[in-house]
Amino acid sequence: MTQTQTQHSTARTFVDTVTYRPGAVILYPGKSDMLYRVASGLVRVHTMDDDGNGLTLRYVKPNEYFGEEALAGVNRAYFAEAVTDSSIDVINPALMSAEDNLVVTTHLVKTLERAYESIYRLVGKRLRARIAGELLELKDTALATQTENGETMIYATHDELAAAVGSVRETVTKVVGELSREGVISAGYGKITLKDEKALGTIAAA
């Protein structure tokens, strides 16, 4: 395939690139016809129970996909929301090449592995371990930044942590306070600094 042909194929496959501000809802439950890839930023895929409580299903990082149900023509059962300023590639599944399909399939396998790990944390780990694991997961996302002394600071509220670990804010606040007193993290308004990542890893593995 020539360079011109490749560019033409890409133009047909990628419908558009759309930017979203933090908090913007990208997808609602319902009909699904396009596949989405995060070009930059961070997207939260989440759902709600009958009482309106949110539960984070996963975070989607740059070069990862969401909206995969469009590949099977089934309806979407979740929300997708921009956590940070985000650029999203909109992809037409009907125009994807065999190579494109292989890339997405590989992504789906990795996503499934992460889902298994998340389920195990939720049902088999104490809340301390779940929170520690979630903080380490967020360490490599657009929510994290490096402080002047080389520590990782994560911009996340206790409500957001609670939604990610299947708990409530009050209980998460208590555990965050315990970890702060132990010197593993330090917590401020809407931000948590990882003071001892090795100790955090030990807690997450317990």
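User: Which side chain meets Asp-140 in a salt bridge?
Analyst: The side chain of Lys-139, at 3.9 Å, N to O. A salt bridge here is a side-chain nitrogen of Lys or Arg within 4 Å of a carboxyl oxygen of Asp or Glu. Keep in mind that this is a predicted model, where local features need pLDDT of at least 70, side-chain atom pairs count only at pLDDT 80 or more, and totals for chains, interfaces and linings use all residues. Residues are numbered from 1 along each chain as its sequence is written, and side-chain values use heavy atoms, with hydrogens and water left out.

User: How many salt bridges by that rule?
Analyst: The count comes to 15. Another one pairs Glu-137 with Lys-61 at 3.7 Å, N to O. That pair links distant parts of the chain, 76 residues apart: Glu-137 is in helix 3 (residues 127-138), and Lys-61 is in the loop between strand 5 (54-60) and strand 6 (65-66). Helices (H or I, at least four residues) and strands (E, at least two) are DSSP runs, numbered from the N terminus.

User: Switching topic: how many residues of strand 8 are buried?
Analyst: 6 of its 6, residues 86-91. Ser-86, Ile-88 and Val-90 are on one side, with Ser-87, Asp-89 and Ile-91 on the other.

User: And what's the bridge partner of Tyr-36 there?
Analyst: Val-90.

Technical notes:
Buried means under 20% relative accessible area, exposed over 50%, partly exposed in between (1.4 Å probe, protein chains only). Two strands pair if DSSP finds at least two bridges between them.
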